[in-house]
Amino acid sequence: MDMEDIRALRQALHRCPERSGQEERTRAALMDFLARRTTLELRPCGAGFYAAHREPGGTRPPVALRADYDALALPGGGAAHLCGHDGHAAALCAAALSVQGKRLDRDAFFLFQPAEETGAGAPGCLELFDRERVAQIYGAHNLPGLPLGQVVTRPGTFACASRGVTITFLGRPTHAAYPEHGLSPAPAVGRLLCALPDLAAPTGFGGMTLCTVIGTEMGERAFGTAAARAEIWLTLRTERDQDLERLFDGLLRLSQSLSSEYALGFEYQVQDVFPATVNDPGCARRVLELCAGETLDAPMRWSEDFGHYLRRCPGAFFGIGAGEDCPPLHTQHYQYPDALLEPTAAAFRALLLG
């Protein structure tokens, strides 16, 4: 395996970032890279694809490895690889190349998934488990702030469940000189925002709970018309899926109660839904042992749609250090370090061979 080719691939992916759900060029580039260098069977899977290494008669349980390849959407409508998915995909290609012509005594599947940032990619790729016999699945994410190549994971929840929620209150417009003739959503918005800390208080929940205000929008800059419509954008986040459902139900009950009290219309929308990423204890121990990993004390607060796979199949998700001086994820100065490609590929190989 030539790591120069892998570095060149990562850099090429970095130069053509594509938003979640729009990764046609990225998908084509990855498939072409593997088709030119391996004899692996390439098959579509949801909006992504997987590469299959098959060994009929293998006595060891089949393993799947997954990487994402979408870029982060930017406010202006563009995209940039500010989360390192270009590196994740390139490292998985390196792992795939490393099994070319080798016997593993097991089937191995290399799953390349789009649309992780929005949580929409993994559900479509669940068809892997309907088509193939997969006993375990593993995935990784780079972690700035940790020593380069240091593997970390934990049994149980690795990354939190989260859900975006848009709450809409609908009133009645009126001239600004006659506010009593309209129905303003402002009192309901104010009370809801003030109630959120108590709603997400940890009492009664099994772990960390957050209800984060992402933004609000009410009325418009037209000083002759009183506001009649308001939106509140929230992200709910918990360590456990059942706590997320409780928090969500509490939010809806409170919002509906306020809308009734003020005679407002009420609507809500849900987006960017991520289940908790809950590692199988045995698979997490396997990562710790085979990759010289360290155990995290607490789950990561961010979310990862790998949790969908862990609902279907035992497995584990782990972090791998991107360097103590690496800029944080989702910031303008972040770029996946090429020096991390080989340690990540080595961790994947260890899970295939061990």
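Modeller: What follows goes through the sheet, then the helices on it, and ends with a separate helix.

The model is predicted. The open sheet has four strands in the order β12-β14-β10-β15, and their pairing is antiparallel. Residues 209-218 form β12 and residues 265-274 form β15; these two strands stand at the edges with a single partner strand each, so one side of each has no neighbour in the sheet. Averaged over the sheet and with direction ignored, neighbouring strands are turned by 20 degrees against each other.

Within the sheet, β10 (residues 161-170) pairs with β14 (residues 229-238) over 10 bridges, in the antiparallel sense. One of the residues involved is F169, whose bridge partner in β14 is A230.

Helix α6, residues 186-199, lies across β10, β12 and β14, and runs at about 160 degrees to β12. Helix α7, residues 241-261, packs on the sheet and touches β10, β12, β14 and β15. The direction of α7 makes about 5 degrees with that of β10.

For the separate helix, take α1. The 13 residues of α1 (residues 3-15) should span 18 Å at 1.5 Å a residue, which agrees with end C-alpha atoms 18 Å apart. Buried residues in α1 are M3, I6, L9, R10 and L13. Viewed down the axis of α1, the buried residues fall within an arc of 115 degrees, so they line one face of the helix. Their cover includes α2 (24-37), α3 (85-98) and α10 (341-353). At the start of α1, a side-chain oxygen of D2 comes to within 2.9 Å of the backbone nitrogen of E4.

Terms used
Residues are numbered from 1 along each chain as its sequence is written. This is a predicted model: local features need pLDDT of at least 70, side-chain atom pairs count only at pLDDT 80 or more; totals for chains, interfaces and linings use all residues. Side-chain values use heavy atoms; hydrogens and water are left out. The expected span of a helix is 1.5 Å times one less than its number of residues. Buried means under 20% relative accessible area, exposed over 50%, partly exposed in between (1.4 Å probe, protein chains only). The arc is that of the directions from the helix axis to the C-beta atoms. Contact means heavy atoms within 4.5 Å. A polar contact is a pair of N or O atoms within 3.5 Å; within protein, one must be able to donate a hydrogen and the other to accept it, and residues adjacent in sequence count only if both atoms are side-chain atoms. Two strands pair if DSSP finds at least two bridges between them. Axes are lines fitted to C-alpha atoms, for helices over the stretch in contact, and angles run from 0 to 180 degrees between N-to-C directions.
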